[in-house]
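Q: I would like to learn how to read a structure feature by feature. Could you take me through one, with the general idea before each case?

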Amino acid sequence: MDITLWIMIIGWAFVLIWVPFIIYTNKDTHPKALFVLFFAEMWERFSYYGMRALLVLYMTKVLFIDLAQNVAETQAYGIYGSYTAMVYLFPVLGGLVADQLLGFKKTIIWGGLLMALGHFTLALQGFENLEGNMPFFFAALALIIVGNGFFKPNISSFLGTFYDPNDARKDGAFSIFYMGVNIGAFLSTLTCGYVGQQINWHYGFGLAGIGMLLGLIVFYVFTKSSKDFEGKGIEPEEVRTGERKFLGMKPDIGIYVISLLAVPVCAFMLDLDEFMSGALIVVSLLIVGYLLYQALTTKNRVEGQRLLVVVVLFFFHAVFWALFEQAGGSLTIFTDKNVDRFVGGTEIPASIFQSLNPLYIMLLAPLFSWIWLRLNKVGKEPSTPMKFVLGLTQLALGFGVIVLGAKFFAGGDGLVPIVFLALMYLLHTTGELSLSPIGLSMVTKLSPAKVVGFVMGAWFLSIALANKMAGLIGTLTTSEAVTDDTPAEMTLGIYSETYLIWGVGVVGIAALILLFLVPLLRKWMNGIH
């Protein structure tokens with residue numbers, strides 16, 4: 001049997017044992033709602049990461065197969081950057097919709113439906129008359145973008161409503177929730193990656209859509225039947241009484257219409273790389289400016305200072321994800337070209353290696369959750385800004401490992417031993433666990449209660465900006481001199497130089513700057529750890 005298929009089977013078996021164990025060991029510590037939202041997010045991430053594992057490879061190997069290699073890669077990175085940027089840009093609006101109009105439950109369900117439709121549309125492109133049809137391809141991505149805007153920020157914000165702002169369990173809860181995110185990512189990169197690359201690209205995209213539907217079913221059934229969700233995530237009072245309209249219509253109808261109209265607009269913008277870069281900068285400045293205005297003019301000085309912490313960490317969060325997100329872009333192509341992927345005589349598909357990050361998170365998230373609680377009890381838990389410093393430092397070390405492997409341990413064939421890739425993903429993962437779930441928890445702690453959905457959306461905007469930056473950084477690994485016949489030893493130098501400058505240098509400097517800001521940010525948090 002193919003070793004890749006064995007890896008997939010073992011991965012599924014491990015998850016079927018691991019998830020019940022985690023739920024059982026935490027059931028008396030956390031509310032049941034955590035595990036419901038854990039499952040819903042797990043399947044939603046199955047859909048997103050299953051598609052992401054295939055996207056750049058699909059574009060370079062199928063959609064742009066007739067173009068020169070460097071042109072195909074540059075175009076793929078541009079579309080990938082615009083797509084992932086908009087995926088994290090739209091949550092700003094999705095959070096606002098939940099806060100002001102639909103509530104968390106309805107917004108999450110509508111977003112999930114749009115995403116499932118987008119994945120199935122990608123799968124349909126496998127039909128002969130649609131293969132290579134770029135407008136159809138862009139429409140599929142646009143459905144996922146708009147749907148994710150409604151789903152992504154609100155399920156995280158919804159979880160925050162089940163804990164008090166300074167509840168010592170909160171960072172641990174978000175670490176467990178984050179593990180659910182990554183179980184979905186782990187299973188999808190194994191399954192959709194294998195099916196897409198080894199059997200049929202469009203079957204892989206179709207599996208991603210099935211994952212999204214499963215997530216919706218889990219969420220809908222339990223939020224309807226469980227008493228834990230009564231009175232939670234519903235529409236604001238003004239909407240329930242009919243006092244608040246949207247464009248003269250019932251808010252839910254108005255939102256459904258507007259979001260469908262947004263799909264062709266997003267599809268059109270996906271192919272406008274330079275415009276997207278400019279638009280993201282303008283939107284980011286406007287929203288960050290608005291948050292600064294709120295923080296500096298609010299009558300509640302404590303709330304204002306706490307909001308300032310979110311704004312400052314916004315930029316360091318963006319730096320982290322701009323380099324981390326090379327995993328879905330340049331690092332996947334690097335793995336395809338410059339990593340010795342033979343194990344037991346079988347060459348493992350490049351997309352499968354994206355499963356290392358979620359696998360490590362599955363194993364380490366419970367440990368990190370326990371560590372934060374343990375350190376909290378003895379008064380030694382690092383503050384949120386200090387955890388961000390740790391996250392950035394580990395990200396830089398991860399890129400340092402891959403540069404070390406490229407410069408000193410690559411063979412004459414230009415291939416880096418697989419152990420360096422595995423170690424890089426391990427350090428990136430520990431960095432992610434020190435920063436990402438902590439950031440989600442922080443937003444629910446430091447945001448004023450009435451706008452937590454909007455602030456969470458703004459937080460995801462930093463990832464939108466980062467993903468566009470990631471696409472631009474990815475293009476630095478391309479060259480006009482690189483063709484299909486270019487030897488691996490030449491491409492190795494291009495990748496290692498880019499990762500040394502950006503992954504080690506820029507990220508390391510950012511970590512050092514933030515370290516100096518930690519005392520001030522802790523003061524502004526006003527007692528929230």
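A: Gladly. Let us begin with contact, which means heavy atoms within 4.5 Å. In this predicted model, local features need pLDDT of at least 70 and side-chain atom pairs count only at pLDDT 80 or more, while totals for chains, interfaces and linings use all residues. Residues are numbered from 1 along each chain as its sequence is written, and side-chain values use heavy atoms, with hydrogens and water left out.

Q: Which residues is L465 in contact with, leaving aside its neighbours within four places in sequence?
A: They are L280, S284 and F314. L465 itself is found in helix α16, residues 452–475. Helices here are DSSP runs of H or I with at least four residues, strands are runs of E with at least two, and both are numbered from the N terminus.

Q: How many helices and strands are there in the chain?
A: The chain has 17 helices and two strands.

Q: Is L465 buried or exposed?
A: Buried means under 20% relative accessible area, exposed means over 50%, and partly exposed lies in between (1.4 Å probe, protein chains only). L465 is buried because its relative accessible area is 16%.

Q: What does I109 touch, not counting residues up to four places away in sequence?
A: I109 touches L216, F219 and Y220. This residue is found in helix α4, residues 91–124. With a relative accessible area of 24%, I109 is partly exposed.

Q: Where is T84 placed, and what does T84 touch?
A: T84 sits in helix α3. Leaving out residues up to four places away in sequence, T84 touches Y48, A464 and N467. T84 counts as buried because its relative accessibility is 0%.

Q: Where does D66 lie?
A: D66 is in the loop between α2 (32–63) and α3 (69–89). Its relative accessible area is 76%, so D66 is exposed. D66 and L331 are 265 residues apart in sequence, and their C-alpha atoms are 23 Å apart in space.

Q: How many disulfides does the structure hold?
A: A disulfide is a covalent bond between the sulfur atoms of two cysteines. The test used here is a pair of cysteine sulfur atoms within 2.5 Å. The structure holds zero disulfides. As for individual cysteines, C192 counts as buried at 0% relative accessibility, and C266 is buried with a relative accessible area of 1%.

Q: What radius of gyration does the chain have?
A: The radius is taken over C-alpha atoms, and the globule rule is 2.2 Å times the number of residues to the power 0.38. For 529 residues, a compact globule would have a radius near 24 Å, and the chain, at 22 Å, agrees with that. Along its principal axes, the C-alpha trace spans about 65 × 55 × 45 Å.

Q: What share of the residues in the chain is buried?
A: Buried residues make up 60% of the 529 residues. Turning to contacts in the chain with a separation of 6 or more, residues 24 or more positions apart account for 84% of them.

Q: What does the accessible surface of the chain come to?
A: Accessible areas come from the Shrake-Rupley method with a 1.4 Å probe; for residues, only the protein chains shown count as cover. The chain comes to about 20,500 Å², with 67% of that belonging to carbon and sulfur atoms.
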